[in-house]
Amino acid sequence: MKTIPRLSLLLVAVLSISSCKAQHQKGPNPSTTKITAVKNVVENKLTGASVLAFGPDNVLFVGDSKAGMVYAIPTQAKEVKDPIAFNLRGVDKKIAKTLGVPPSELIFNDMQVHPVSQEAYIAIKRGFAVDAPSIIVAVSPVDGNVRLIDVSKKTQVRIKNVRTDEFELYGRSSDRLNITDIDYNDGYIYVAGLTNGEFASTLRKIAYPFTNKQEAVAGIEMYHAVHNQKETRAPIRTMAFEEINGVSTLIAAYTCTPLVSIPTSEIKEGNHIKAKTLAELGYGNTPIDMITFTAQEQDGSFDKKLLIINKERSASLISLKDFANANTGEGMKSFAMGPEGMNIFPVPMSGTMQVAEQNQMMIANLERDIDSGSVDLVSELKGAYFRLSNFDSEYEFPDYKYTETEPWKDFHNMVKPIEGYPELVKEK
C-alpha cells in the first residue's frame, strides 16, 4: 500500500522525537545566553505588536500597525537542539495568569518560533480598548513556562507615508492594515500594508540595522481572479521569501485570495510592481499566515513546501516545485473562484490562527479549539499535517481491534505519546 513508506518514515521520525523528549525531561541543553527574568508588564508593553519576524543574530522584528512603527528587539535564549512537541491545551489561561487579565481579554496577533530555543514568541493585545497595550511572551516547549520579553533595548523606525484616512470595516478599525506582515531578507526588512495614495497596496523596504533613511516604497498591482480585475487596493496579508527558478522571489497571499510572485529585484524606490498571479486560494477567505519548510515524501525524497493558513478554509499545502512551474508561465488572466492555478492540497488545520516552523521535524500551531473555545499551542509532524487528537475517530472506540494488515496501527501508537496521550497506545 502507498501509505506504508510514509508510515515507515514517520515511525523513524517519531522514534527520534520520543528519544529527544526523554533526554530533555532530564533537563534542557546548556544555556547559550543567561536569561534575566522579566516580570513587569507595565515596563515591557508596546503601543502595538501586530506581526513578528526573526532576523539576523536572533533579533525579533515587531510591526506596530497602530503606531506605524517597526521595532528591533534583541532576544536571549537557552539552546534546545532536539525536537520537543508543544502540547499546551489552554495556553491562553497560562498567559492570562502571567499578564493578570482574564483569558477573554487576550487578542492573539502573531507567533514566531525562536530559532535557538524553540520557544513560541506570541504577540498579544492585552484588552479590547483602543489604547490597550501589546505584550510579547515566550512559551517554552521544555516546561511550558511563560515569560515576558524585555523590550527596553529596542531600536525602531517609523514607516513612510502612514495612512491618515481611517475608516471602519464592519465595526473594526482599519489601522490594523497599516502593517499586515513583515519579513527579513538579505539585509532588509520588508513591510507590507496600506498607504495613502492611488496605489494603496504598498511594500516598504527598510535597511537593517536602521538608518535615518528608509530605502524604498513600492506600489503593487495584481490580477484578482475572483473580482476579475486588476487591483491596487488590497494589501498583502502574508508573505515569504524563496529562491524560485534561481531568482530571489517574494511569495505573497492577498485578501480574498490571489497568490502571487514578485522578483525581489523589482522592489525598488518608486517602482510600480505588477505581481504575477499564480493561483486563487478560494473566495470568501483571508490568508492568515504562511511558512515554507522541507518535508520528507513517501518515496524518501525531500520536497520544500509552502503552507498557507486560511481563516475560512482548510490550510493550503503547495509544493514549491509546482509553484516554480506555474511561475514560468504568464499567470492567471481570467475569472476563477478557486482553489485554482496549481496543485493546492487542503490539509485539516481548522481553527489554526498562527503557524511557525519549530524544528526539523515539527511545525508549531497556535489554534483555537472550536469545542471549548480555548487557545492551544501544539506541534504536529511535517509530512502528517494533522494531529490525531484533534478529531474523534472510531480507532479510539474501546471495542476497536486493529487487523493484522492495518497500516495505521504503528503510526497511531507512535504519535499518541508525542501528542501527550501515551496511555492510549494500543497493542504494543
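Trainee: Which residue takes a positive phi just after H2?
Mentor: That is Gly 100, which takes a positive phi of about 75 degrees just after H2. Before we go on, keep in mind that this is a predicted model, in which local features need pLDDT of at least 70 and side-chain atom pairs count only at pLDDT 80 or more, while totals for chains, interfaces and linings use all residues. Residues are numbered from 1 along each chain as its sequence is written, and side-chain values use heavy atoms, with hydrogens and water left out.

Trainee: And which residues of H2 are buried?
Mentor: In helix H2 (residues 91–99) they are Val 91, Asp 92, Ile 95, Ala 96 and Leu 99, where buried means under 20% relative accessible area, exposed over 50% and partly exposed in between, with a 1.4 Å probe and protein chains only. Helices (H or I, at least four residues) and strands (E, at least two) are DSSP runs, numbered from the N terminus.

Trainee: Why do they line one face of the helix?
Mentor: Seen down the axis of H2, the buried residues fall within an arc of 135 degrees, so they line one face; the arc is that of the directions from the helix axis to the C-beta atoms. An α-helix has 3.6 residues a turn, so residues three or four places apart point the same way.

Trainee: What about H3, which residues are buried there?
Mentor: Leu 320, Phe 323, Ala 324, Ala 326 and Asn 327 are buried in helix H3 (residues 320–327). They cover an arc of only 160 degrees around the axis, which puts them on the same side of H3, whereas Lys 321 and Asn 325 are exposed on the other side. At the start of H3, a side-chain oxygen of Ser 319 comes within 3.1 Å of the backbone nitrogen of Lys 321.

Trainee: Switching to Lys 382, is that one buried or exposed?
Mentor: Lys 382 counts as buried because its relative accessibility is 9%, and it is found in the loop between strand S28 (375–381) and helix H4 (409–418).

Trainee: Which side chain does Lys 382 make a polar contact with?
Mentor: The side chain of Glu 357, at 2.5 Å. A polar contact is a pair of N or O atoms within 3.5 Å; within protein, one must be able to donate a hydrogen and the other to accept it, and residues adjacent in sequence count only if both atoms are side-chain atoms. A polar atom of the Lys 382 side chain also lies 2.9 Å from the backbone oxygen of Asn 359.

Trainee: Where is Thr 195, and what does it touch?
Mentor: Thr 195 is in the loop between strand S13 (188–194) and strand S14 (201–207), and it is buried, with a relative accessible area of 8%. Not counting residues up to four places away in sequence, Thr 195 touches Lys 160, Asn 161, Arg 163, Ala 200, Thr 202 and Arg 204, contact meaning heavy atoms within 4.5 Å. The C-alpha atoms of Thr 195 and Arg 233, 38 residues apart along the chain, are separated by 9.5 Å.

Trainee: Last topic, how many helices and strands does the chain come to?
Mentor: The secondary structure comes to four helices and 28 strands, and 53% of the 428 residues of the chain count as buried. Of the contacts in the chain with a separation of 6 or more, 58% are accounted for by residues 24 or more positions apart.
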